Amino acid sequence: MRTDMKHMLARHLELDSFFTGDFSIRGKRSDPTASTMPLSTDSEIMNDTAEHQDTIFSNDADAQPLAHVETLEDIAAAVRQCRLCGLAQTRTHAVPGQGHPKARLVFVGEGPGEDEDAQGLAFVGRAGKKLTEIIGAMGLKREDVFICNVVKCRPPGNRDPRPDEIIQCMPYLKRQLELIGPQMIVALGAHAARTLLQTDEVIGKLRGRFFEYRFSQDVPPAKLMPTYHPSYLLRNYTLETRRRVWEDMQKVMQELGLKSAKP
Ligand code: URA
């Protein structure tokens, strides 16, 4: 294990709380031409600040264990064979994620639940149905976007993924994002948002604002919008929560030049 990753892991475990370390996910966006629609620049963007510069994933091949993996299918194959953490022992199926290989929009959730573990597909249970509705309301189909998770195997009993599990799994997500090269990432819920943004801020403070997800110094970053997880939405199915998620998605749609399928 690389020294910087060990260092980060030690810090995570030492702090004994979720997402309190400042690990950065950086890398190369493999195909900068993948984005065809320009993004406007007038949104509120939180730039990487100095304390976010500490990184476990720098852009050189040595630091990116999957740099040689050139297709999403090969990443999926690696995920299915992965035994890097204890979740491999309890999973039925690993869940690499699925969707358009050059999607302009990627949804990142927390980790597979029971249905996803049974089928090997991301977001196919109750929360997945809600996500499908949200995607439809945005005028898109699931096949138009890419859907995946921070961790690729189900944490037993749907517990939160642990920092060591996230650290082992992050290279898969990072490489998926590099290969897809989306313009926009929607982080579904606190775990995805905190992991991708290296913060311990609560989702209520993060959602509704655009952040940056940096692939590398040379490639323009993707925009990242945190919003509530569909499971949270289902548990708190109030007008207010629904309104907030819809407002977040409308901002995303505006950035991507999408028209609502809603009347
Ligand atoms: N919740 C998630 O975060 N991901 C899934 O794939 C399903 C439910």
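The questions below concern the ligand site and the aromatic pairs of a predicted model.

Reader: What share of the ligand's accessible area does the protein cover?
Author: The ligand sits in the largest pocket. A nitrogen atom of the ligand is 3.0 Å from a polar backbone atom of Gly111. Of the 240 Å² of accessible area that the ligand has on its own, the protein covers 92%.

Reader: Which residue places a polar side-chain atom 2.8 Å from an oxygen atom of the ligand?
Author: The residues around the ligand include Phe123, Asn149 and His229. For Phe123, a polar backbone atom is 2.9 Å from an oxygen atom of the ligand. The side-chain atom at 2.8 Å from a ligand oxygen belongs to His229.

Reader: How many charged residues does the shell around the ligand have?
Author: Glu110 and Glu116 are among the residues around the ligand, and Glu counts as charged. By class, the shell has two nonpolar and four polar residues, and its charged residues number two.

Reader: Why is the pair of Tyr213 and Phe215 edge-to-face?
Author: A search of the whole structure finds two aromatic pairs. In the pair of Tyr213 and Phe215, the ring centres are 5.2 Å apart. Planes over 60 degrees apart count as edge-to-face. The pair is edge-to-face because the planes of Tyr213 and Phe215 are at 80°.

Reader: Is Tyr232 buried or partly exposed?
Author: The rings of Tyr232 and Tyr228 form a tilted pair, with centres 4.7 Å apart and planes at 35°. Tyr228 is buried at 7% relative accessible area, under the 20% limit. With a relative accessible area of 31%, Tyr232 is partly exposed.

Note on methods. Residues are numbered from 1 along each chain as its sequence is written. This is a predicted model: local features need pLDDT of at least 70, side-chain atom pairs count only at pLDDT 80 or more; totals for chains, interfaces and linings use all residues. Side-chain values use heavy atoms; hydrogens and water are left out. A residue is near a molecule or strand if one of its heavy atoms lies within 4 Å of it. A polar contact is a pair of N or O atoms within 3.5 Å; within protein, one must be able to donate a hydrogen and the other to accept it, and residues adjacent in sequence count only if both atoms are side-chain atoms. Accessible areas come from the Shrake-Rupley method with a 1.4 Å probe; for residues, only the protein chains shown count as cover. On a 1 Å grid over the protein atoms alone, a cavity is a set of points where a 1.4 Å probe fits but cannot get out, and a pocket is an open set with protein on both sides within 12 Å along at least five of seven lines; lining residues have an atom within 4 Å of a point. A molecule sits in a cavity or pocket if more than half of its atoms lie within 2 Å of its grid points. Rings of Phe, Tyr and Trp (its six-membered ring) pair if their centres lie within 6.5 Å; planes under 30 degrees apart count as stacked, over 60 as edge-to-face and the rest as tilted. Buried means under 20% relative accessible area, exposed over 50%, partly exposed in between (1.4 Å probe, protein chains only).
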